[in-house]
Amino acid sequence: EAEAERVAAEAPRGKLFTVFSTKGGVGKSLVAVNTAVALAQKGHRVCLVDLDVNSGDVAIMLQLSPTRNVNDLVTFRGVIDQGAIESLLTKHDERLSIVAAPVTLDSPDQASGDEIGTLLDGLKAMFSYVVVDTSGVFDDQALAALDRSDSIILVGTLDIPALKGLKLAASTLDL
């Protein structure tokens, strides 16, 4: 058992970037997609995770039609291993994969913060970089990503509501 823990501790760990804004329409998804694509073009293995479960645009922006999405995590009943994670991935190309947001709002089950956390931990072990596009609210899913982030990319525009939202987000993150 000690050997397994040592191997796990020495395994390469990818970096996780979370793209966040408290205001919609500021280009958060565009920044997330472009960050993931740029890292993949540099030769890194990248996974882009769309946690905007109500209006995620990542798959559409990359012209993908995923068959599985992040809410399918609930079907694994807490057993989220590498095989389960791989089944959720939609490949864009050999270096870029996504975990899509649901396409419809009528999903009966929503992945919990714990399930999202397990997914992100698994992805960090599988990819050089994990880029997360969030919904723009401090929900359990976003908090799971923010807690595991190596870097948080705050996105805003130069208007009063967006700047107010960024100030609130920054002070909340400081807590």
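Predicted model: local features only at pLDDT ≥ 70, side-chain atom pairs only at ≥ 80, totals over all residues.
User: Why is Gln63 called exposed?
Analyst: Its relative accessibility is 75%. Exposed means over 50% relative accessible area, buried means under 20%, and partly exposed lies in between (1.4 Å probe, protein chains only). Gln63 therefore counts as exposed. Gln63 also has a positive phi of about 55°, although it is not a glycine.

User: What is the phi of Arg77, and why is Arg77 called exposed?
Analyst: Phi of Arg77 is near 50°, a positive value in a residue other than glycine. Arg77 lies in the loop between H3 and H4. Its relative accessible area is 74%, so Arg77 is exposed.

User: Why is the pair of Phe20 and Phe138 called tilted?
Analyst: Rings of Phe, Tyr and Trp (its six-membered ring) pair if their centres lie within 6.5 Å; planes under 30 degrees apart are stacked, over 60 edge-to-face, and the rest tilted. The centres of Phe20 and Phe138 are 4.7 Å apart and their planes stand at 40°, so the pair is tilted. The pair links distant parts of the chain: Phe20 is in strand S1, Phe138 is in the loop between S5 and helix H6 (140–148), and they are 118 residues apart.

User: How do you know whether Phe20 and Phe138 are buried, exposed or partly exposed?
Analyst: Phe20 has a relative accessible area of 0%, so Phe20 is buried. Phe138 is at 30%, so Phe138 counts as partly exposed.

User: How do you know that Arg45 lies over the face of Phe127?
Analyst: The rule asks for NZ of Lys or CZ of Arg within 6 Å of the ring centre and within 35 degrees of the ring normal. Arg45 lies over the face of Phe127 at 4.5 Å from the ring centre.

User: Why is helix H5 called largely enclosed?
Analyst: Of its 14 residues, 10 are buried, so H5 is largely enclosed by the rest of the structure. Among the buried ones are Ile116, Leu119, Leu120, Leu123 and Met126. Contact means heavy atoms within 4.5 Å. The cover over the buried residues of H5 includes S1, strand S2 (46–50), helix H4 (82–88), strand S4 (96–99), S5 and H6.

User: Why is Ser97 called buried, and what is it in contact with?
Analyst: Ser97 lies in strand S4. Its relative accessibility is 2%, so Ser97 counts as buried. Leaving aside neighbours within four places in sequence, its contacts include Val46, Cys47, Leu48, His92 and Phe127.

User: Why is Lys167 called exposed?
Analyst: Lys167 is found in helix H7 (residues 160–174). Its relative accessibility is 65%, so Lys167 counts as exposed. The C-alpha atoms of Lys167 and Val79 are separated by 38 Å, and the two residues are 88 residues apart along the chain.

Technical notes: Residues numbered from 1 in each chain as written. Heavy atoms only, no water. Helix = DSSP H or I, 4+ residues; strand = E, 2+ residues; numbered from the N terminus.
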